[in-house]
Amino acid sequence: MSNTRSDNAGHQTWGGRFSESPDARVAAFTESVSFDARLAGHDIRGSIAHARMLSKVGVLTDGEFEEIEAGLRAIEARIAAGDFAWDPALEDVHMNIEARLTEDIGALGKKLHTGRSRNDQIATDIRLWLRDAIDALVAELERLRAALVGVAEREADTIMPGFTHMQVAQPVTFGHHMLAWEAMLARDTERLRDIRKRVNRLPLGAAALAGTTFPIDREMVAAELGFDSVIDNSLDAVSDRDFAIEFVSAAALTMTHLSRHSEELILWMSPAFGFVDLPDRYCTGSSIMPQKKNPDVAELVRGKTARVNGHLVSLLTLMKGQPLAYNRDNQEDKEPIFDVVDTVMNSVALYADMMPHVTVHAHVCREAARKGFSTATDLADYLVRQGVAFRDAHEIVGKSVQHAIGAGCDLADLDLATLRGFSQAIGEDVYEVLTLEGSVAARDHIGGTAPAQVRAAAARAGAALPKRNP
């Protein structure tokens, strides 16, 4: 029996130790270039920085570096032009680029991999890619936040019911409600910026797991690639995926926030509420019911939240049983990360485009706030200011509400004599607190519902955002 390996085995960059090529099903099962090709630009950028460093420490000559860099730039241009044939037999993005480089410039291309492994190479690529993705997502979140601030300013005086337990609680303004959404996204932005600090650490130089015997300069590579620091421990450098899990966790929170926004928009657009109308271009119709206008964007964002949450569980499960250092399991981290970025970016961008054009039906919102005795708490506070203990005031107002329910009217519709029948502490000025406008205006403190406070809060939120060209 011959021990000579096949040509296909020799085609593999690691084939020297093997006597036969991989089974076709194994080759198909293990390839990753079908999805990690999107890392090509970052892979080339990392390779150029690595080669420049090798020339500085004397592993490559200056001329060799220049030839390698030119070859990589040419490959980058081909990829950008869509004129690059990806070969699944070469497994991944790294080996496709290296094989083409060797094909283009000869044996010199084989020197590029000196002092590194695909383990630290992919860890570097994904950090470079995710760093850019975080920056792009932060920019989109800031665009959505600016849109919400704009709606808040526009609707600072629009009274609507505030809810607890989905029951009418107290009157607020639509602008105040929009700023609650903006506050959620502000925390998301803050989280992403914090996570970026841990993404922005260089693993390159760890090689397979134990570093390299070559006199590399990791700090030089880190500086060229814009990393804040290098990862100290070589085992941790190649095996760490905490940064990816942190990112997906933050993305899941962002989608959870958008899902909550979606739920409210879906409810508010329903004729049962009628608070808002979404632009036609963000909705679809029914194939059978001609009158329908369905909030599909909001519904799909709500649905895609489950998808992102699932990816978070997937990554946590992927890592939970892995020993140090690198394991092939980690090939499975990229598709979830890529899909999370695509899903969250698209969702945030659509919301940023849609929200400025939402129509708010102020009269419907106001009428809804009149239902459910939303100024009852204001009446209790009024009684406390008249010297009544809060628990007694609570009981007095409860009896007043019970009477109004029986009479089929609002508290503000009860005459003064009727109200004084529940407490002699009630005077003619009570109607100032029983009106919706009086209620929201009375909460005139930072974070309160008074229109002036809403405008001030919107101004603060807007000032915290970067200025962008219209």
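Asp378 is buried, with a relative accessible area of 7%. This residue belongs to helix α15, which covers residues 376–385, in a model that is predicted. When residues up to four places away in sequence are not counted, Asp378 touches Val433, Ser439 and Arg443.

The C-alpha atoms of Pro215 and Gly58 are separated by 8.7 Å, although the two residues stand 157 residues apart along the chain.

The table sets these two residues side by side.

| Residue | Relative accessible area | State |
|---|---|---|
| Asp378 | 7% | buried |

In soluble globular proteins, nonpolar side chains tend to be buried together. In this model, the largest nonpolar core has 74 residues, and those with the most contacts inside it are Leu130, Phe247 and Met355. Several helices each supply at least two residues of this core, namely α7, α8 (174–199), α11 (242–269), α12 (296–319), α13 (334–354), α14 (362–370) and α20. Helix α7 gives the most to this core, with 15 residues.

Leaving aside neighbours within four places in sequence, Met355 is in contact with Leu144, Ala147, Leu148, Val151, Met178, Trp181 and Leu265. There is also a second, separate core of 27 residues, which includes Ile68, Phe84, Ile105 and Leu108.

**The packing of α7 against α20**

Helix α7 spans residues 118–154 and helix α20 spans residues 451–463; the two pack at an angle of about 160°, with their axes 9 Å apart. Angles over 145 degrees count as roughly antiparallel, and therefore α7 is described as roughly antiparallel to α20. The crossing in which α7 passes α20 is left-handed.

On the α7 side, the residues that meet α20 are Val149, Ala152 and Glu153. Their partners in α20 are Val454, Arg455, Ala458, Ala459, Ala461 and Gly462. Sorted by class, the contact of α7 with α20 has 6 nonpolar, 1 polar and 2 charged residues.

Note on methods
Residues are numbered from 1 along each chain as its sequence is written. This is a predicted model: local features need pLDDT of at least 70, side-chain atom pairs count only at pLDDT 80 or more; totals for chains, interfaces and linings use all residues. Side-chain values use heavy atoms; hydrogens and water are left out. Axes are lines fitted to C-alpha atoms, for helices over the stretch in contact, and angles run from 0 to 180 degrees between N-to-C directions. Helices (H or I, at least four residues) and strands (E, at least two) are DSSP runs, numbered from the N terminus. Angles under 35 degrees count as roughly parallel, over 145 as roughly antiparallel, 65 to 115 as roughly perpendicular and the rest as oblique. A crossing is left-handed if the near helix is turned anticlockwise from the far one by less than a right angle, and right-handed if clockwise. Contact means heavy atoms within 4.5 Å. Ala, Val, Leu, Ile, Met, Phe, Trp, Tyr, Cys and Pro count as nonpolar, Asp, Glu, Lys and Arg as charged, and the others, Gly among them, as polar. A nonpolar core is a set of buried Ala, Val, Leu, Ile, Met, Phe, Trp, Tyr and Cys residues joined through side-chain atoms within 4.5 Å. Buried means under 20% relative accessible area, exposed over 50%, partly exposed in between (1.4 Å probe, protein chains only).
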